[in-house]
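Biologist: I would like to go through this structure and hear the grounds for each label. Please show it.

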Amino acid sequence: MGQRYSFSKKKISQLFPFILKNNYSDKFHDECGVFGIYSPFKIDTFSLIQFGLFALQHRGQEACGFSVLRDGFILSHKNEGFVLDFFKKISNSECYHGNAAIGHTRYSTEGGQSKKNIQPFFGEDSYGRSTISIVHNGNLVNAQYIRKELEHQGINFISEHSDSEVILRLIQKYLPEYENNLEKAIQKTTVDIKGAYSVIVLMKNKMAAFRDPNGIRPLCYGMLDDKTYIFSSETCGIDSVGGFYVRDLLPGEIIIVDQKSIQFSKLRKIKNRNVKKRICSFEYIYFSRPDSLIENVNVYEVREKSGEKLYEQHPVEADVVIGVPDSGVPASIGYSKASGIPFKPILVKNKYIGRSFILPKKEMREKMVNLKLNPILDEIKGKRIVIIDDSIVRGTTSRRLVYILRKAGAKEIHFRSASPPIIGPCYLGVDTPTRKDLISYNHIDKKSIEKILNVDSLEFLSMDNLIDILGSIHYCFGCFTGNYPVQKTENNIT
Ligand code: AMP
């Protein structure tokens with residue numbers, strides 16, 4: 001039997017700051033998920049949007065919401081909390097059966113955590129009836145500037161600094177100028193906005209989906225049957241309602257569906273320019289579900305390959321490979337395949353851990369250290385371990401894990417990151433910490449990070465290998481290289 005162990009208070013505050021800070025979520029935050037479904041017939045939009053959003057729960061756990069098109073009226077419902085808890089509280093589900101629905105799972109990257117920022121955002125006519133509703137994943141770099149301009153023109157905002165509401169207000173502003181032509185209003189809106197955006201718009205008689213010229217955030221479409229269209233951040237959303245994936249929206253593409261047709265067009269903004277596709281590489285590394293395809297590339301495969309490459313890059317002798325659940329596991333399986341070192345799932349994650357934890361009294365907090373991840377002690381004692389996580393950002397998770405493994409009696413610990421060192425924050429939809437918090441920005445010398453983490457060796461997947469796995473020209477590697485496809489225009493990078 002392995003030995004149980006205890007921690008001093010000082011050690012706890014160094015390794016597990018989340019416990020003493022009254023905040024279980026010490027990490028930086030995910031982005032959002034968007035989903036939409038459109039049918040010419042009345043369908044159970046309540047269940048379909050619920051399934052779609054549930055599949056996209058991993059992209060945002062702070063809040064969620066949806067809008068349904070029913071008998072020509074748009075009805076919306078949104079609140080804080082997890083998808084299933086939110087839907088469980090809705091008693092009159094049949095009132096939300098209609099022709100179409102859009103929905104959103106939220107983690108705030110822009111606009112703060114106020115309830116006012118929960119999506120969808122909708123616009124009303126002079127009788128107070130919703131006529132348009134939108135959901136957005138991404139981050140605009142010039143939203144606050146536009147907002148000020150619009151406020152100057154007398155346009156009211158409901159949210160606190162939400163960049164998504166800026167997209168809605170612009171579309172609303174341009175619709176009358178183009179006799180309610182949605183495509184033209186979107187065209188004009190996208191001339192103004194800059195940044196990352198995957199957007200779904202619901203109107204009384206149609207739905208539109210569009211993606212920024214670089215295609216930074218994902219958005220795909222599929223079909224439920226030959227007349228029912230689905231839009232989703234990831235293919236797992238389409239799978240969740242029993243639909244089939246058709247393809248990803250092209251960067252800068254607009255798709256509009258209505259009762260009779262589907263229409264494809266390109267943002268005017270990219271028609272005459274050589275704008276390059278720049279899909280966020282971190283989608284493959286961390287965000288997206290492993291069962292999703294992004295740009296028809298299987299996320300799981302990318303992760304497994306990164307493990308294989310890590311071994312080829314830096315072979316090491318060891319007794320066991322373990323992956324940090326969940327996103328480090330495919331890479332550790334790849335590492336195991338390439339090295340022949342057995343993979344064992346001996347770091348056990350409590351699947352029910354939520355983002356916010358109602359903290360018990362101080363004396364109980366000290367008992368919480370292995371609450372999320374707990375090792376199987378007998379499998380670790382005396383072993384030479386390769387441990388793989390998808391990324392090292394601040395170094396908090398890795399330090400914590402190494403501490404736990406050392407206490408469990410590991411003989412050697414070889415830490416591997418299935419992505420290159422993160423040296424830059426993201427202002428295009430991922431709420432990465434500022435540079436001062438990034439361990440690899442602050443310590444260029446790998447040896448000093450090894451020391452901080454207290455590991456026998458540390459290696460990161462090389463940029464060359466990441467490019468080799470993904471292909472260089474199609475991705476944003478901003479957080480690894482500091483080169484971003486869209487330059488910031490507001491003070492949103494530090
Ligand atoms: P850190 O503990 O700050 O070094 O962050 C690395 C850990 O956070 C790894 O376990 C990753 O799986 C996880 N991670 C990476 N990106 C994100 C993100 N955007 N939101 C939450 N966790 C993340």
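Biologist: How many aromatic pairs does a search of the whole structure find?

Modeller: The search finds 18 aromatic pairs. Keep in mind that this is a predicted model.

Biologist: Why is the aromatic pair of Tyr221 and Phe231 called tilted?

Modeller: The ring centres of Tyr221 and Phe231 are 6.2 Å apart and the planes make 40°. Rings pair if their centres lie within 6.5 Å, and planes under 30 degrees apart count as stacked, over 60 as edge-to-face and the rest as tilted. Since 6.2 Å is within 6.5 Å and 40° falls in the remaining range, Tyr221 and Phe231 are a tilted pair.

Biologist: What makes the pair of Tyr284 and Tyr475 edge-to-face?

Modeller: The planes of Tyr284 and Tyr475 are 80° apart, with 5.6 Å from centre to centre. The label applies over 60 degrees, and the centres must lie within 6.5 Å. Both conditions hold, so Tyr284 and Tyr475 are an edge-to-face pair.

Biologist: Which parts does that pair tie together?

Modeller: Tyr284 belongs to helix α10 (residues 282-287) and Tyr475 to strand β23 (residues 475-476), so the pair ties together parts 191 residues apart in sequence. Tyr284 and Tyr475 are buried.

Biologist: Which residues do ring pairs link into a cluster?

Modeller: The cluster consists of Phe46, Phe66, Phe86, Phe87 and Tyr96.

Biologist: Turning to the strands, how do you know that β8 and β12 pair?

Modeller: Five bridges join β8 (residues 206-211) to β12 (residues 253-258). Pairing takes at least two bridges, so β8 and β12 qualify. The two strands run antiparallel, and Phe210 has Ile254 in β12 as its bridge partner.

Biologist: What is the strand order of the open sheet?

Modeller: Six strands form the sheet in the order β5-β6-β7-β8-β12-β13, with antiparallel pairing.

Biologist: What makes β5 and β13 edge strands?

Modeller: β5 (121-124) and β13 (262-266) each pair on one side only. From one strand to the next, the twist averages 15°.

Biologist: Which helix packs on the sheet?

Modeller: Helix α6 (residues 163-177) does, touching β5, β6 (130-140), β7 (195-203) and β8. The direction of α6 makes about 135° with that of β6.

Conventions. Residues are numbered from 1 along each chain as its sequence is written. This is a predicted model: local features need pLDDT of at least 70, side-chain atom pairs count only at pLDDT 80 or more; totals for chains, interfaces and linings use all residues. Side-chain values use heavy atoms; hydrogens and water are left out. Rings of Phe, Tyr and Trp (its six-membered ring) pair if their centres lie within 6.5 Å; planes under 30 degrees apart count as stacked, over 60 as edge-to-face and the rest as tilted. Helices (H or I, at least four residues) and strands (E, at least two) are DSSP runs, numbered from the N terminus. Buried means under 20% relative accessible area, exposed over 50%, partly exposed in between (1.4 Å probe, protein chains only). Axes are lines fitted to C-alpha atoms, for helices over the stretch in contact, and angles run from 0 to 180 degrees between N-to-C directions. Contact means heavy atoms within 4.5 Å.
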